[in-house]
Amino acid sequence: MKALMSVGALIGVIGLLVLIGMILGVVPSNTVKLVEGYMPMQMLSELAIFVAGFTGISYLMSSMGMPLPRFWQGVLFWVFIWMYLKYRVYPPIPFSVRAMYGTVTFVAVFMWVSANEEDWKKFKQPIINVLDANTGFHKALRTLYLILLPILIGGFSFLSMKPSTEEPIELRTVHPAPPASTKVHGKTYTLQTSQNPYRVNPEGKYDQEYSNKLIVEQGMGRLMAPNANPWDEKAEGYLKYVREGGEIFFQNCHFCHGDNLNGRGLHAFAFNPIPANFTDPGTIAQLQETFIFWRVAKGGIGLPNEGFPWASVMPPWEQHLTTDEIWKVILFEYWHTGYYPRTWD
Amino acid sequence: MGPVTRNKLMSIMALGAMVGLLLLPILVSIPALASGGVEAPAATADAGKKEGGGEAKVEKAKDVYYKTEGIVSGPPAPKTTDSEKDYPRYNFESRVLLWFANQQHLYYGSFVLAVPIFCMIIEFMGVVSKDKALAKRYDQLAYDFIKISLTAYSLTAILGGILIFTFLTLYPAFFQYLSQIFRPVMHIYALMFVAESGTLYIYYYGWDKMKEGFLKWIHLSMSVVLNVIGTVLMFLANSWIGFMMSPAGVDEQGRYLGNIWHVIHTALWNPLNLHRILGNMAFGGGVVAAYAAYRFLSAKTDEERAHYDWMGYIAMALGVSFLIPLPFAGYWLMREVYAYRQQMGITLMGGLLAWLFIIQATMIGILFLSTNYYLWQALGRMRGAEKYQRYIKYLVFLVVCGFLVFITPHTMVMTPAELKAMGGQQHPVLGNYGVMSAKNGGINVIITTTVLSFVWYMRGNKVSTVSWSKFGNIFMGCFFFFAYVNIIWLAIYGYYIPANVRVGLSVPQVATTLSCLFFMFALNSVMMKGAKQTGPIEWGKISVRSQYALIMLATAFTWMMGLMGYIRSSVRLFWHVNEIMRDNSPWAYTHTVGFAANMISFNVLFFWMTIMFVFWLGALAAKKVPVEAKAGAPGRAPEPAVGH
């Protein structure tokens, strides 16, 4: 048991040192990389390892007769989570989300330290000591808190009430709600049932399965499936359309949506919000092909009321592209990102 | 005729009267159904006579949902204008007044529909219990429950009246249209209300007269009738909101086509019914648990504390048993919403109302966190449960990780500077938590951990004596371990497959969670049969924190009901009846998240203030009969419930 705990403690200490080193800039921030695509699980696993590490440290310290008081265990764990979220995760997490996570962690620490009477008593003791102020040290501490707390609260109130010149926060609708049907170049498309006419097999028939097989392999790294190179001169059918869609994309769309379709094109940062990132699993991967067709055709302007609050400067591409060209671009976007469009059955 | 026989006869007659009352609305409605429910308007008939030379002309139209043809039997939905005529008003937002009246009626309605179901279950437990003292305690508990609901029932009726008057005075055009479509249903509803009242009063006042033998079974049957009536009442009310969201039985102009079943049985009716039954039960359990917690905290004696500790536990356990399947019922409802109108689904989950779902996820998390916390605290009143307490921190870790994933927003609130620093609307790490695949994993981890907490609680003060206990424990440990692995693995795998297939992954995830629930509970019960007790459950010796957790649980239920009601209603955006009757009032817009949150909080606060009054009335009545109240277990400490 002790050996196991020692290993845990060692891992915990190393992890902490690396994190502190990264915060202070002593250790390069990319020492332990967050691997693209596996970041979410990596983050949870790292936290699990840290928890195991802290358990080990706590166990060893207790067995050496130097137990860390429960109060400080709780406080330090909460501070650790706060630092982890602020300094370990890149790109930075917005404050609103960190505040949510911080609050939940606070609750978690409370649940942990008050799970049984004995622990709760231990946790409360330092607080009660200060409130009772039976020693000179505690009395001084209490006086200090009485002075500091109003100043801190006053400071927070002042900062929160102070007029700011920053742009106001806007809750933007990521997926505006689509209409039941849309009319493009005089033809009506029912969004729930229409299909991309270029998602076809060699016989020229609509075939989702066939195009799925030829799509880049879904997964991180976006590897190309064997025999699925649309830029091959001999490429026919579906793959040929992908190439044609790609050409249209690079003539019209990549300035904003980027070469890698990640929403970071040449002009992207001139806009607020910046263009959609198609490689994110929350964008086109969640949607029907017809939804994208509607968005591309109609652009950001003129969305129905149901879609409010929209915020997009994308032009209505139906004014510049033919219907066929729009469908081909969409084919390319799915092919390039490796996602399959949503279907209803 | 002896007194017992007369009692029997009277009881059977009362039960017969209840069944008669239950069937009465159906009998009354038969002629109405036969005539199509709504008479053809005189003007149409007259016009028909003129054109057809005395013969009424039959106009046919297509059902907007069922796509069947029907005879036009009503006027089109009115086209309202922003005027005093269609939208009379005070110098205040009419919608907010209606919101308040509706929500309060719904809170009380849910409570009085849920509590009799609890009474039925608890009374049944009392009847079948072999331990006489325990049976009496169950019976007393059921009686206490129904006593609280009686006052609440009057308030429900009063609030219902207020709601109708609010509709009539502030939204006359809309209400007139709705009552034209639902005329037979509204009559049946009113009759059902009469039947419910009659049944409830006989059930309550007949309690003492029918407490033994055959009469007790008759009394129990009454509770079944009472609950059938209550459930039908709720189904009928659900048909109105179902129609407003997903109309059927009318044509594109909103003209009634003569088939009342189509109007009732809309696309969302059944998922709404299921969701509401479970929601009401969970809510009812929460409110009663909060009542018990309040009485526990204000108790003066150990005996009182023990009683209310026990009551709180029973109510919490009943409420949570209905809370566990609730997310799955909600999932079904959302699936049906998407199937009905993609637009509505996206407005809810990915669009305008998406942030409210983050708040909802937070509330669901709070519910499960409170439940787990209560159970961990409850281990403290069992001797021998200490062995489990040191592992609680790992359960905290599991629940909180699931919670953090579950509440991660897809649309984040951030300053423009943060947006630029992040490089776009999506975050490479949190963007993955913000979609359904991860969230399904998150909530299933939370529920599975709650099941695990219950299993620990059930074996807190027991040591299994079956010969295969070691093997059983290892099997249980492996089962839970692989359940977690399966749930988390499926959540990750969801990112590597098409979205439509990913949706289907929720089925094996839910199946895993439910397997833990059913198999592990069953296995645990078998293992704990005849187990050695390491000490009794010391009812009343529980931390006060646990009671605050119960109050938290109840408040979170109330808040979440208010929130979900608002979301469900506001998804119609500027329609009174979706795509049929437009809302042209000056308030046909969606409120900001902040305003909605304040309004919901106000409704919650008002409900709790008034329900405190109801509790106080209940306590007032109890004080008059102190001897009778204690008669359940004279001179002895309260017994634990079977199987705790």
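Predicted model: local features only at pLDDT ≥ 70, side-chain atom pairs only at ≥ 80, totals over all residues.

1. Side-chain atom pairs are held to pLDDT 80 or more, whereas totals for chains and interfaces use all residues.

2. Main core. The largest nonpolar core holds 232 residues, and Phe145(B) and Met316(B) have the most contacts inside it. Helix H13 of chain B, residues 354-378, gives the most to this core, with 16 residues. Setting aside residues up to four places away in sequence, Met316(B) touches Gly285(B), Ala289(B), Thr371(B), Tyr374(B), Leu375(B), Phe454(B), Leu550(B) and Leu553(B).

3. Second core. A separate core has 44 residues. Tyr189(A), Leu261(A), Tyr334(A) and Trp335(A) are among them.

4. Extent of the interface. How much area do chain A and chain B bury between them? The value is about 6,400 Å², with 67% of it on carbon and sulfur atoms. Chain A brings 76 residues to the contact and chain B brings 71 residues.

5. The rule finds 1 salt bridge between chain A and chain B. In a salt bridge of 3.1 Å, N to O, the side chain of Arg545(B) meets that of Glu117(A).

6. The chain A side. Helices H2 (39-63), H4 (95-113) and H5 (117-132) of chain A each supply at least two residues of the side that touches chain B. H4(A) provides the largest share of that side, 11 residues. By residue class, the side of chain A that touches chain B divides into 49 nonpolar, 18 polar and 9 charged residues.

7. A covered helix. In helix H12 of chain B (residues 342-349), 7 of the 8 residues are buried. They are Gln342(B), Gln343(B), Met344(B), Gly345(B), Ile346(B), Thr347(B) and Leu348(B). The cover over the buried residues of H12(B) draws on both chains: it includes helix H10 (289-298) of chain A, together with H7 (213-245), H11 (326-340), H13 and H21 (544-570) of chain B.

8. Salt bridges within chain A. Over all chains the structure holds 22 salt bridges. One of them joins Glu289(A) and Arg199(A), with the closest N and O atoms 2.8 Å apart. Lys298(A) is in helix H10 of chain A and Glu318(A) in the loop between H10 and helix H11 (323-337) of chain A, 20 residues apart. Glu318(A) is buried, at a relative accessible area of 18%.

9. Salt bridges within chain B. Lys85(B) and Asp86(B) form a salt bridge, with the closest N and O atoms 3.3 Å apart. Elsewhere in chain B, a network of salt bridges links Arg383(B), Glu386(B), Glu538(B) and Lys541(B).

10. Ser506(B). This residue sits in helix H20 of chain B, residues 499-527. Its relative accessibility is 7%, so Ser506(B) counts as buried. Apart from neighbours within four places in sequence, Ser506(B) is in contact with Tyr331(B) and Asn440(B). The side chains of Ser506(B) and Tyr331(B) are joined by a polar contact of 3.3 Å.

11. Positive phi. Leu573(B) lies in the loop between H21 and strand S5 (575-577) of chain B, and is buried with a relative accessible area of 16%. Glu579(B) also has a positive phi, near 65 degrees. Glu579(B) is found in the loop between S5 and strand S6 (581-582) of chain B, and is partly exposed at 34% relative accessible area.

Technical notes. Residues numbered from 1 in each chain as written. Chains lettered and ligands numbered in written order. Heavy atoms only, no water. Core = buried A, V, L, I, M, F, W, Y, C linked by side-chain atoms within 4.5 Å. Buried < 20%, exposed > 50% of the residue type's maximum accessible area, 1.4 Å probe, protein only. Helix = DSSP H or I, 4+ residues; strand = E, 2+ residues; numbered from the N terminus. Contact = heavy atoms within 4.5 Å. Buried area = accessible area lost by both parts, 1.4 Å probe. Salt bridge = Lys/Arg side-chain N within 4 Å of Asp/Glu carboxyl O. Nonpolar A, V, L, I, M, F, W, Y, C, P; charged D, E, K, R; others polar. Polar contact = N/O pair within 3.5 Å; in protein donor to acceptor, adjacent residues only side chain to side chain.
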